Amino acid sequence: MRQKKKSDSSGEFARVAAEYCALVGRPKGKPHAFLEEAARQIANLYAKALTLPAARPGSIDEAVGGRPQDQRSRVYTAIKKKLGAENSYWEVFHARENEDPVAASLADDLSDIWKDLQEGLDLWTSGKREAAVWSWRFSLRSHWGHHATGALKAIHDVLAAAES
């Protein structure tokens, strides 16, 4: 089996991230069809993110994205409207600690993933590829990975209940 080059896995992740951002940035279709596609893409994103190579940004300022909050808010509002009652769920944020469940939102999860990935895509398309990879890896562990795993469980529960 041919081992992928560093740029191959980064480019593949950028492609998958762009597909996710397109889906979530303008949610279309019926809620359950949208959620099925979102789940497929989140699972694929997570798997591809685990293959990203170690990277270092030129500077911390270079790696910190600047996606305005109002764009994230627009995405959040569109998803929340689409999902309606399917938006809210309960989760335990730190699975290895004994804590009470907290209210969570699929719109929050999906739009936060979108924001983190889009910030990396902005770096990627401006030629700052090392900074983009660093940003995606760092935010996987510190932010969007939590949202991805929470969203997958919640989406699974929504779709399973719909089939019952």
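The dialogue below treats a helix, its aromatic rings and a pocket.

Tutor: This is a predicted model, in which local features need pLDDT of at least 70 and side-chain atom pairs count only at pLDDT 80 or more, while totals for chains, interfaces and linings use all residues. Residues are numbered from 1 along each chain as its sequence is written, and side-chain values use heavy atoms, with hydrogens and water left out.

Student: How far apart are the end C-alpha atoms of H6?

Tutor: Helices (H or I, at least four residues) and strands (E, at least two) are DSSP runs, numbered from the N terminus. The expected span of a helix is 1.5 Å times one less than its number of residues. H6 has 35 residues, and a straight helix would reach 51 Å, but the end C-alpha atoms of H6 are only 42 Å apart.

Student: Where is the kink in H6 centred?

Tutor: A bend at a residue is the angle between axes fitted to the seven residues ending there and the seven starting there. In H6 the kink is about 70° and is centred on Leu140.

Student: How many aromatic pairs does the structure hold?

Tutor: A pair of aromatic rings is described by the distance of the centres and the angle of the planes. Rings of Phe, Tyr and Trp (its six-membered ring) pair if their centres lie within 6.5 Å; planes under 30 degrees apart count as stacked, over 60 as edge-to-face and the rest as tilted. The structure holds five such pairs. Tyr46 and Trp144 form an edge-to-face pair, 6.5 Å centre to centre with 80° between the planes. Tyr46 lies in helix H2 (residues 31–49) and Trp144 in helix H6, so this pair ties together parts 98 residues apart in sequence.

Student: Is Trp144 buried or exposed?

Tutor: Buried means under 20% relative accessible area, exposed over 50%, and partly exposed in between (1.4 Å probe, protein chains only). Trp144 is buried because its relative accessibility is 0%, whereas Tyr46, at 27%, is partly exposed.

Student: Which residues of the lining lie nearest the centre of the largest pocket?

Tutor: On a 1 Å grid over the protein atoms alone, a pocket is an open set of points where a 1.4 Å probe fits, with protein on both sides within 12 Å along at least five of seven lines; lining residues have an atom within 4 Å of a point. Of the 14 lining residues, Phe93, Gly145, His146, Thr149 and Gly150 lie nearest the centre. H6 supplies the largest share of the lining, seven residues.
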